[in-house]
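Me: I have a structure to go through with you. Can we take it piece by piece, in short questions and answers?

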2 protein chains.
Amino acid sequence: MAAGAAIPVPSTQPALSGVRFSVTYQVEGDPFTAERRAADLCLEQTVELPEDMVPTGSIRDGIVGRIEAIEGGALTSQVIVSYAAETVGTELTQLLNVAFGNSSIKPGLRVLNIDLPDAILRSFRGPRFGIAGLRDLLGAPARPLLCTALKPMGLSAVDLATLAYRFALGGMDVIKDDHGLADQPFAPFEERVARCAEAVRLANRETGGASLYVPNVTAAFPLLRERAGRARAVGAGGLLLAPALTGLDAVRTLADDDAIGLPLLVHPAFGGAWTTSPTCGMDHGVYYGLLMRLAGADGTIFPSFGGRFAFTRDECRGIARFATRAIGHLRAILPVPGGGIGAATLADAIAAYGRDVMLLVGGGLLRLSPDIAAGCARLRAMVDDSVREGPCTSPG
Amino acid sequence: MAAGAAIPVPSTQPALSGVRFSVTYQVEGDPFTAERRAADLCLEQTVELPEDMVPTGSIRDGIVGRIEAIEGGALTSQVIVSYAAETVGTELTQLLNVAFGNSSIKPGLRVLNIDLPDAILRSFRGPRFGIAGLRDLLGAPARPLLCTALKPMGLSAVDLATLAYRFALGGMDVIKDDHGLADQPFAPFEERVARCAEAVRLANRETGGASLYVPNVTAAFPLLRERAGRARAVGAGGLLLAPALTGLDAVRTLADDDAIGLPLLVHPAFGGAWTTSPTCGMDHGVYYGLLMRLAGADGTIFPSFGGRFAFTRDECRGIARFATRAIGHLRAILPVPGGGIGAATLADAIAAYGRDVMLLVGGGLLRLSPDIAAGCARLRAMVDDSVREGPCTSPG
C-alpha cells in the first residue's frame, strides 16, 4: 500500500538512544522457575510475542527486555530485567506499562524496585515542593509535621469550616478534607472549599501561624482540573487526590501545572489491591513512595503500622525510604502515615519515621480533649517534646 | 467564625434522597468475624470514625452504611452493605471510593458485586455503542467477532500499517494497536495512526468490508483527549485505552464526549492487582465487566482461560455475564478475551462465551499461515463454521 503525502515524519529522540532502565521483580518459585519467568517478562512487557516469533535484528536486540540478574532462594527469587528507554518515550503511563503492564495480571510477580537513570528521570519534573518546600510554607524547618482530616462525611460546609478553624487555631500544620468529601449535597465542593479556606485564613491571622487547608479534588480529570483551579482561587493551601481513582498521571499533570502551583497530597483510597497480596502487585515502598514521588506528589498518605490497617513497621519504613532517599533530581517527599496515630502512638511513630514526617491524626485527635483547639495544641506540645528528647532514627 | 457573603449556597439533589446502593463483599473469616467486619465497612467507607464518635441524628442514621445481609460459611462469608446515594452524588470516582476506597487496603475483603438502582445509574450515560452498535458498524449482526493486535513494539509505522492492511484484507473485524504502542520514536503516534487508518480504509475499499482500526490513546488525560481527537480526524474506527493507567474515569469522560463519539475498547494492562489475589481486590466480573461497562467501554479485553494468564473458565464467563446481563439502561458490551486464542482454542472459546464475543487473536494468527491475509481468512472461516455447527451456550 502507498502512504499518503500528508503523513507526518517522526521526530527522533536521540537522548534516549542506548539508555536502559531496570525493574526488580520478586518471583514465586525456585531459581529455575525464576529464569523461565524472567525470560517471559522480557517478551511479555515489550513485543508480546512468543520467543520464536520475535523478528531478528533491532527488535530482538533492542526492544526485547534483558535479564540482568537472577538471585534465587528456595521459594522466592528476585530477577532484574532491563528495558530500552525508547520503549517508554517520556510518558509516565507508558513507563508503568512497560514495567508491569500485562505481567501485573500474572500471579506470583511483585515489583520490588524501578531503577530509572537520569536520562529518563529528566522527563519528570517531580514534586514541586517536596519536604523542604512544604517546611518553608509551614514555617517549620525541622520538627515532625501534623495533619488532620475534616470529617465525618455528612457535616455541612459550615460545620466543616468550624472544625477547620479550630484545628488551625490549635496549630495543626495541614488540615485536609477527608477523602470521602467530594461534591455531595450536604457539603458541596465550592461552598465547602470557600468556607474552609476562609476559616483557616482567619485562624492563621489570629495565631500568626501558617496552617494550610488542603481540599479533596478527586474527580474525573477535567472536573479535577476545574476544582483545583477553584480551590486555588479561594485560597486553598494544597490539594488532595486519590491516584487510584484519578489515575496516577493526574497527579503529574496537576503537579506540572504552573497555573495551579500548589502542594499535592495523595491518598491511598481504592489502591489497596496494589499491596494487599505479598506475592503480587508492588512493594509498599514502590507504590506509595516511588510512584507517588515520580508523579509529583509532595506528600504520600498511607496507613501506618499498628493501626486498623495491616501494614508492618518495616513496610511503612520502606515507604519512607522511597519517599526520601536520593533519586536523581526528584525532591524528597513527606511520608504521611495515618490510621490510628494518636497520643499513645505518636512517639513511636516519630521513632520509626524520623523527623521528616507528617503525622496524620484523625479520630485520635478528637479523643484528646473535648476542646478541639486544646487537643491540637496538646498534640503539638507532644511533638515538640518528642523532638527535644533526643535524636530520631531515620528510615534510611 | 463568620462566613463571607460571597460563599455559594448548595444546590440540593432531591432525586437521590432516600436512594441506596449496595455492595457485596467476600469476607475471610467465620460469620462472627464477618459481622464485625461488616460493621467496620459501614463506618470505614463513610464517616471514617470509630463507632462511639459518630454524631447521632442524620449522620448516624443516614450516612453510615447499613448491613443488609450476612451469609456465613466456615472460612468465608458474604456480606451486603448498603450506602446512601447522597454519599456518592453523581461521580464515578466517588462511587468507587464509597464502595471500596479505604477498605481496599484491608486484607481479606473482596468486592463480589455492586448493585446500583436506576436513580444512580441515570448519572452514567454508559457505553455509546455496546454490542449492537459495534455489530452495526462492523456489518456483522450475529457471528462471533474477531480482533487482532498490531505488534511487535519496535516496528515502524510503515510496517505496522502494512500489517494492518493485511489483517483488514483477511477480514479481521477490529485491528487494534498493541497496548505497548504509545508515542515511541520507532512509530510515533501521529504517523502510526494516520498510516494505519489509511491502510485499513484502503483494504475496506478493496474487500467491501468494514474493519475498524483502533489505536491506543493511553496517556495522561489532556494528551489522551488530544490523541483521541487526532485519531478521529484521520479516520480511526475506535479507541483503545488502559484504565488502570489512565484512571477509570478517563473512559467515562471519553465515552461521554460527543466530539469523539467512537467505540472504546479497554485493555487490562497494569490492572492485574485487582484480581490476582482470591481474597482481596475484586471479582473478575466486577472489575473487567461491570466497572468497564459502567464507565462506558464498548468492549472489555481480558486474558482468556487456558492461555498464558491464569484466569479460569468460570472467572472468564463471569466477566462475560457482567458485560452482557441486564443492568438498567447500560448497553451490553463485548467480552474480548485474548491471550492464547488461536485455531486450536477458537471453538472452545465460542462454546464458553457464546456468539456475543470478540475473540482477540494475536500471535496465534501469525502462526496460521505465512500469508497474513490468508491466515485471517482461515480464522474467519473457522468462526463461520463454528456458528453453523449448532447453538452456542451463553454465559448467562
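Me: How many salt bridges does the rule find across the interface of chain B and chain A?
Reply: This is a predicted model, where local features need pLDDT of at least 70 and side-chain atom pairs count only at pLDDT 80 or more, while totals for chains, interfaces and linings use all residues. Residues are numbered from 1 along each chain as its sequence is written, chains are lettered from A and ligands numbered from 1 in the order written, and side-chain values use heavy atoms, without hydrogens and water. A salt bridge is a side-chain nitrogen of Lys or Arg within 4 Å of a carboxyl oxygen of Asp or Glu. Across the interface of chain B and chain A, the count by this rule is eight.

Me: Which residue of chain A meets Glu48(B) in a salt bridge?
Reply: The link is made between side chains. The N to O distance is 3.8 Å. The partner of Glu48(B) is Lys151(A).

Me: Which helix gives the largest share of the side of chain B that touches chain A?
Reply: Helices are DSSP runs of H or I with at least four residues, strands are runs of E with at least two, and both are numbered from the N terminus. The largest share is seven residues. They come from residues 189–207 of chain B, helix H7.

Me: How many residues on that side of chain B are charged?
Reply: Here Ala, Val, Leu, Ile, Met, Phe, Trp, Tyr, Cys and Pro count as nonpolar, Asp, Glu, Lys and Arg as charged, and the others, Gly among them, as polar. The side of chain B that touches chain A has 52 nonpolar and 27 polar residues. The charged ones number 18.

Me: What area is buried between chain B and chain A?
Reply: Contact means heavy atoms within 4.5 Å. By that rule, 97 residues of chain B are in contact with 97 residues of chain A. Buried area is the accessible area (1.4 Å probe) that two parts lose on being put together, summed over both. Carbon and sulfur atoms give 66% of the total, which is about 7,800 Å².

Me: Which residue is the bridge partner of Ile301(A)?
Reply: Strand E10 (residues 299–303) of chain A pairs with E11(A) in the parallel sense, over five bridges. The partner of Ile301(A) lies in E11(A). That partner is Val336(A).

Me: What angle does helix H6 of chain B make with E5(B)?
Reply: Axes are lines fitted to C-alpha atoms, for helices over the stretch in contact, and angles run from 0 to 180 degrees between N-to-C directions. Helix H6 (residues 157–169) of chain B packs on the sheet and touches E5 and E6 of chain B. Its direction and that of E5(B) make about 165 degrees.

Me: Where does Pro152(A) lie, and what is the omega of the bond to it from Lys151(A)?
Reply: Most peptide bonds are trans. The bond from Lys151(A) to Pro152(A) is cis. Pro152(A) sits in the loop between strand E5 (145–150) and helix H6 (157–169) of chain A. Omega is near 5 degrees.

Me: What is the phi of Phe270(A)?
Reply: Most residues other than glycine have a negative phi. Phe270(A) is not a glycine, yet its phi is positive. Phe270(A) lies in the loop between strand E9 (264–266) and helix H11 (273–276) of chain A. Its phi is about 75 degrees.

Note on methods
Pairing = 2+ DSSP bridges.
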